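Open the model in your viewer and keep the selection tool at hand. The stops below say what to select next and what is there.

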Amino acid sequence: MPSPTELRAGRVTVRTGEKLALADLQRRLAEAGFSRMALVEAPGEWALRGGILDVFPRGRDLPLRLELFGDEIESLRTFDPASQRSLEQIREAVVPLLTAAGAVGETLPVDAVERARAVKRAVLLADLLPAEAIVVHLEEESAARWLQRFERARPEDELGTLYARLAIRAMDHPNLRLTSSPVHREEGCATARLLTATGLARDLVTFRAALEALLERNEHVVLLCATDGEATRVRHFLSEAKVEVGTRLEIRTGRLSRGFQSPELRTALLSYDELFGRTRLPRPQEEARRAAAPPSWADLRPGETIVHMDHGIGVYRGLEILEQDGRRTENLALEFDGGTRLYVPVTKASLVHRYVGAGEVAPKLSKIGGKDWNSRKEAVAAATEGIALELLRTQAMRKARPGVSLPPDGPEQIEFEATFPFELTPDQRTGIAAIKQDLEADTPMDRLLCGDVGFGKTELAVRAAFKCVMSGRQVAVLVPTTVLAEQHGKVFTDRYASYPVTVEVLSRFRTDKEQRAILARVTRGEVDVVIGTHRLVQGDVAFKNLGLLVIDEEQRFGVKAKEALRAARATVDVLTLTATPIPRTLHMALLGLRDISSLTTPPFGRRAIETEVVVSSDDVVRDALLRELERGGQCFFIHNRVQSIESVASKLRHSVPEARVGVIHGQMPDHLVEERMVAFLDGSIDVLVATTIVESGLDIPNANTILIDDAHHLGLADLHQLRGRVGRYDRRAYCYLIIPDGPLATDAERRVRAIEELSDLGAGFRIAMRDLEIRGAGNLLGAEQSGHIAAVGYELYCQLLADSVTRLRKSGEAGPRTSCHVSLGVTAEIPPEYVADDRQRIELYRRLSSAVSDHEVDEFVVELRDRFGPLPEELELLTGLAKVRIAAEELRITRLVNIVHDGEDRVMVRSPHPQAVRYALRRLGTRVRVVDANHLHLLLPRPGLEGRARVGAVLEAMRAADLRAPSASVTRPTGGRPGHRGPLPPGRTEPRGGPADLRRDRPAK
């Protein structure tokens, strides 16, 4: 590793109140391999926005945000890469900036002589240890075996030099050797032997005998438990085994990966995890961070087909700046049929969405000003009524049926959850709490659990199933593939091993006789949890007391299976697990028709999978496989054609003779599939050549390289699931997408490039949305509505459906919120100098134009100040106009435009009910004047108001509105009537009983 001098030189310490040489820091960041980005989301990235510098140092859990005043660091804080919001103020931080050239050992020269010189210059970790350090040798025999494999990559003389130097330097310190081999004494060296105690607590007799043997050999035995729940369960086992806790046998809180005993110290330590046969990977709760938030799937790129809510389907041509009356405005340039261009102010960006249809055919562009678009929207709106009714009917059936309310968690549930070998992430804790609340409610559950591959969905299903079984009810787990059924069967069986829970797997790996026997036991209630594929939804499957249905990857089931699942939703608790949700399924959850929980926090130590598209080559394949084998790992090689899979495996055996190659596919005999799976799990096979039968469920921590042959033939969701077979632990994983040399079909090219681009943690939802863009959308309940989605686009279709659902739920209550256009003659924008990235700027405009409360605007302002620094005047005016719009929409005003009338500065107010607006603004007196059936004029408090003063005056006027009902004891004021709350109803143009001095201005010219 680098010397202390190089380490000190390769870092920058930043402190609040000190000066920062920004140009020098930018240069060093580039030299150290940092990438400049618009948003900082991963280690090794940095961004500069005005006086805000974001940097994500390698080795830190959270990125840093430096706010500069000139060249002085005014503020230093950490921030969340998902929300981009600041978290904590800190005083100082160290940014490591060691270049690749300085990291000796990370990048060694190719030339043998230069490599040897570099190794001799290298500083070993042992050289940097303080005098009081203790050197621990853990399983030296295992280390030696690993070094033998390591020699393939490093010449033997280099390796010998390094290891000899390490051993000699280490002897200057106290040494502790932990080994499971027979102990041999060395003078001056204390020894401790690793204990083999896996799974002792599963058998009370063995548990007691092992503890008594330890107490005979040692004066002190300590059982270490990570949590109070674990300690409670250990005391319970000790009580059942009639073993007394005292001074010689202690239970303490702590963590230990392997138990050991020291003859010299007459002490033994044993971990809770060993007692129950578990392996624990701790996750610090305070530092758990979410995966980067996915950017809006509606992000616009020039040349893409878009939908304008009011004008129809067009093409986005980019951002353009226009000047009018001396004011500069930024606009979205949209092109429609016949080349007609429409410029939409960015403040109205929420009206424009990317077009996502129902197929691959490009839609016809709309004509500006024609009636076709409105007719099309009305037809689709009418069609959504039926689907909304069906959705609400299913939901009503669930809520109307008295469900079975499960009791709160008992001691068994608490003990069982304490045996989980990992710490739950914050999202998992929130998710399981919501699931339990649903199970304990008196209506059937219908919850969608979204989480990327490996984010812990299965554990939540295991806990929910256990709670159901402990309440005397049965559980069915429906999975799409046989391999996943077997994997789930193993997981559920292992987790329930210490409890009286019967688990059975119903798949083609069972003979017909075995399947009939399992079904008979299910019907009699003798099976608590049954896991199966499509076999579970066939007509001969009957449960005695089914309480919970768990569906893994619902999108992979066919229409018939989905019809059966839909019927089940109305009668039992349903928990659906998915990594790449069907967007329409997710939208149902967002509409409130299904409940949803999301797992967005990756497991501690999990890294994004390095994904690369490569052209088919024997050398590329060999290098990738050897790289994984040399670090002691295993590989998947996916070839999805049964006819040629054996020849591919034979070619790999010839190309990589060092590897033990096995084959697995769906047409093999069941017993052979099972044998190969077990062999790969226990490490007897180095490279598993398989079809997509391994797509879901296989969890093999040692397999961290996957090569996907002919990747262009597979779908996006399939590629994402296959990639998820690796990277299940904390080791860096690699995915190679192999494509033929030459051009690909357009959609195939888009799929492969999308999976390469979307390789970060938590990319499942973005992949689902990208898949929707490529393949098109279907109906929420079937395929018959795909034409309607094609007609108006997915986003507008979902909005119309949401409107139908809302209208039917509220039975004719107030319709959608009024939309108001505000133009007060001021320059209001997000300056490009403030937010340089166009896509970020459009997204910020979209968010601001969608805000529906002053609180949302205020939060938006706080976020902008945090992320980009103090707001420029143009942006302050923009946020002020947003508050004016919100207040005006409350009054059902559709337009506020600055005008000059009779030499006076006024604001023209358009509303379908001007008298109601006049009544609401009655406090302003004669400053509000009715012009005609649709317009009023609002006079400013004094002439010549500009900028902030003008926006503030209009906002103050809007906030002066009084929507309260008038008092019955006084004369009814203009536009009011006894009992009337708020504005007049539609159709009322003239108030009854209004004062005679109500002025009517001349119509505006």
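## Salt bridges

Across this predicted model, the structure holds 45 salt bridges. Side chains of opposite charge can pair when their charged atoms come close.

Select R65 and D54. The two form a salt bridge, with 2.8 Å between the closest N and O atoms. R65 belongs to strand β5 (residues 64-69) and D54 to strand β4 (residues 52-55), so the pair ties together parts that are 11 residues apart in sequence. Both R65 and D54 are buried.

R77 and E67 are both buried.

Next, select R447 and D438. Their side chains form a salt bridge at 2.6 Å, N to O. Are these two residues buried or exposed? R447 counts as buried because its relative accessibility is 8%, and D438, with a relative accessible area of 13%, is buried too. Then colour D409, E417, K436, E440, E459, R463, K467 and R495: salt bridges that share partners join these residues into one network.

## The open parallel sheet

Keep R447 selected and show the strands around it. In which strand does R447 have its bridge partner? The partner is D595, in β27. Strand β21 (residues 446-451) and β27 run parallel and are joined by 5 bridges.

Now widen the selection to the whole sheet. It is an open sheet of 7 strands with parallel pairing, in the order β23-β24-β22-β25-β26-β21-β27. The edges are β23 (503-506) and β27 (595-599); each has a single partner strand, so one side of each is left without a neighbour in the sheet. From one strand to the next, the twist averages 15°.

Helix α11 (residues 426-440) lies across β21, β25 (546-552), β26 (573-578) and β27, and runs at about 160° to β27. Helix α14 (residues 512-524) lies across β22 (474-478), β23 and β24 (529-532), running at about 135° to β23.

Most residues other than glycine have a negative phi, and most peptide bonds are trans. The next two selections have positive values.

Select D710, which is not a glycine and has a phi near 50°. D710 is in the loop between β32 (703-708) and α20 (716-723). With a relative accessibility of 17%, D710 counts as buried, because the cut-off is under 20%.

Move on to R892. Its phi is positive, about 60°, although R892 is not a glycine. The residue is in the loop between α27 (873-890) and β35 (895-901). R892 has a relative accessible area of 30% and is therefore partly exposed.

Setting aside neighbours within four places in sequence, L896 is in contact with C820, H821, V822, S823, L824, V884, A888, V907, M908, V909, V954 and M958.

## The whole protein

The protein has 29 helices and 38 strands. How many of its 1005 residues count as buried? The share is 50%.

Switch to a surface view. The protein exposes about 46300 Å², and carbon and sulfur atoms supply 52% of this area.

Of the contacts in the protein with a separation of 6 or more, 71% are between residues 24 or more positions apart.

Note on methods. Residues are numbered from 1 along each chain as its sequence is written. This is a predicted model: local features need pLDDT of at least 70, side-chain atom pairs count only at pLDDT 80 or more; totals for chains, interfaces and linings use all residues. Side-chain values use heavy atoms; hydrogens and water are left out. A salt bridge is a side-chain nitrogen of Lys or Arg within 4 Å of a carboxyl oxygen of Asp or Glu. Helices (H or I, at least four residues) and strands (E, at least two) are DSSP runs, numbered from the N terminus. Buried means under 20% relative accessible area, exposed over 50%, partly exposed in between (1.4 Å probe, protein chains only). Contact means heavy atoms within 4.5 Å. Accessible areas come from the Shrake-Rupley method with a 1.4 Å probe; for residues, only the protein chains shown count as cover. Two strands pair if DSSP finds at least two bridges between them. Axes are lines fitted to C-alpha atoms, for helices over the stretch in contact, and angles run from 0 to 180 degrees between N-to-C directions.
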